[in-house]
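User: I would like to go through a protein model step by step. Please show it, and then I will ask about it.

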Amino acid sequence: MSAQQIPNLLSLRGGTRSRGTRGRGRGGAAGHPSSVARPSQKDLAIQSTDTDAAVSRLSAVDLGYLDDPYASLFVNGSGTRRLPIINRGTYTRTTALDILINAFLSDDDSAGATVSTKNKQIISLGAGTDTRYFRLRAQQKHHNLIYHEFDFPSVCATKSQIVSGNQPLSQDKDSATLFIEHKSGAEASSEGPEWGFSQMEDGNSVIKYCCHPLDLRRLPSSPSIQTLNHFHGMRSDVPTLIVSECCLCYLEVDNAQDVVKWFADKIPSLGIILYEPIGVQDSFGQMMVANLAARNITMPTLRAFKTLEDQKQRLSDLGFEDDNGRQEAESIERIWENWISYGEKERVDGLEGLDEVEEWQMLARHYAVVWGWRGDSGWSNWKSLRETQ
């Protein structure tokens, strides 16, 4: 298989369409799609990448790479089997984020941790059809967690319909109930309603999960969005993790940085995980850019942050470098080699043959997981993570 024939994790075509499209937080219709203008063709092209991700996730689940009982709910039909190197890429990417997020959630810093430090918050940008909250809930890892998702208003509306229409998603063992919070005035037509799960605790309604319909390009500059209070259930007093799986990479570089800075200026204890392609400077990277361009998709950050060191400097520039902070980055290739145990590698290898070893290595070294943190609470497990990998 030549370099030109190696599939791109971000440019897969065809296959069964997912029920929802991710949108990656850019543009789109409101919760009631008829109330605003339709998204541009470029935004629709970006949304289609979530179709690819949903189908790839279901392929990995069906073959036994991953355990996700909710993956099929976001794909119409039985799905499409992906190539082995794509399935391994989906597995490695998901496992890497699982390790980082589980380490964050299990970290209470000490036996004397306060209620605020035991509580955690996750903000998922461009979440689309992602099922992570529901998987955490099924694993009983959602206690003391507030989970937020941002995406196109039309994407959030579609996800709301899927969740409310499927009992495995809508039924919560902790008696949390679905809610819809309508905006007022101009915000009602530009953003649409927020929705999610809340439950009663000590006589108060507490947000557990909330989906925020918003074009993230508006976040840094909108005069109507000045504080965290604009978003239902958002808090500044708990350790908070931002997750961007190929979301910020679709924004202009300054805009992407400003989105992170908007949260960083308001939340003292903050971490971030990015999953993005790198390596545009070589022939495979150029092929990746060309494949995306053929779909009317551009990734400004791909040209700005070409290497792992570039990505780490990006986080440093955003303030993830205080006395209690740091930046880290690894390629998917290195994560497969160093983060996955020998026994687990044997299990994955036994699921289906992988003859294209060199092609897998080339593909995997062009994608990276980057993470950083700052603040004096919530990150002790991350500080020691390097020692265990």
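Analyst: This model is predicted. One definition comes before the questions: a salt bridge is a side-chain nitrogen of Lys or Arg within 4 Å of a carboxyl oxygen of Asp or Glu.

User: By this rule, how many salt bridges does the count come to?

Analyst: Side chains of opposite charge can pair when their charged atoms come close. Applying the 4 Å limit between nitrogen and carboxyl oxygen, the count comes to 21 salt bridges.

User: In which helix do Glu337 and Arg334 both lie?

Analyst: The side chains of Glu337 and Arg334 meet in a salt bridge, with 3.8 Å from N to O. Glu337 is partly exposed at 36% relative accessibility, and Arg334 is partly exposed at 39%. The two residues are three apart, about one turn of the helix, and the helix that holds both is α12.

User: Which residue meets Lys261 in a salt bridge?

Analyst: Lys261 has a relative accessible area of 42% and is partly exposed. The N to O distance is 3.0 Å, and the partner is Asp265.

User: What is the relative accessible area of Gln311?

Analyst: Gln311 is found in helix α11. Leaving aside neighbours within four places in sequence, Gln311 is in contact with several residues, among them Leu274, Phe305 and Val370. Gln311 falls under the 20% limit and so is buried. Its relative accessible area is 1%.

User: Where is Glu321, a member of the negative surface patch?

Analyst: The patch is formed by Asp317, Glu321, Asp322, Asp323 and Asp376. Glu321 counts as partly exposed, because its relative accessibility is 48%. Its place is in the loop between α11 (308-317) and β8 (326-331).

User: What percentage of the residues in the chain do buried residues make up?

Analyst: The chain has 16 helices and nine strands. Among contacts between residues at least 6 apart in sequence, 78% join residues at least 24 apart. Of the 389 residues in the chain, the buried share is 59%.

How values were computed: Residues are numbered from 1 along each chain as its sequence is written. This is a predicted model: local features need pLDDT of at least 70, side-chain atom pairs count only at pLDDT 80 or more; totals for chains, interfaces and linings use all residues. Side-chain values use heavy atoms; hydrogens and water are left out. Patches are made of residues with over 30% relative accessible area and no salt bridge: like charges are joined within 9 Å, nonpolar side chains (Val, Leu, Ile, Met, Phe, Trp, Tyr) within 5 Å. Accessible areas come from the Shrake-Rupley method with a 1.4 Å probe; for residues, only the protein chains shown count as cover. Lys and Arg count as positive and Asp and Glu as negative; His and the chain ends are not counted. The place of a charge is taken as NZ of Lys, CZ of Arg, CG of Asp or CD of Glu. Helices (H or I, at least four residues) and strands (E, at least two) are DSSP runs, numbered from the N terminus. Buried means under 20% relative accessible area, exposed over 50%, partly exposed in between (1.4 Å probe, protein chains only). Contact means heavy atoms within 4.5 Å.
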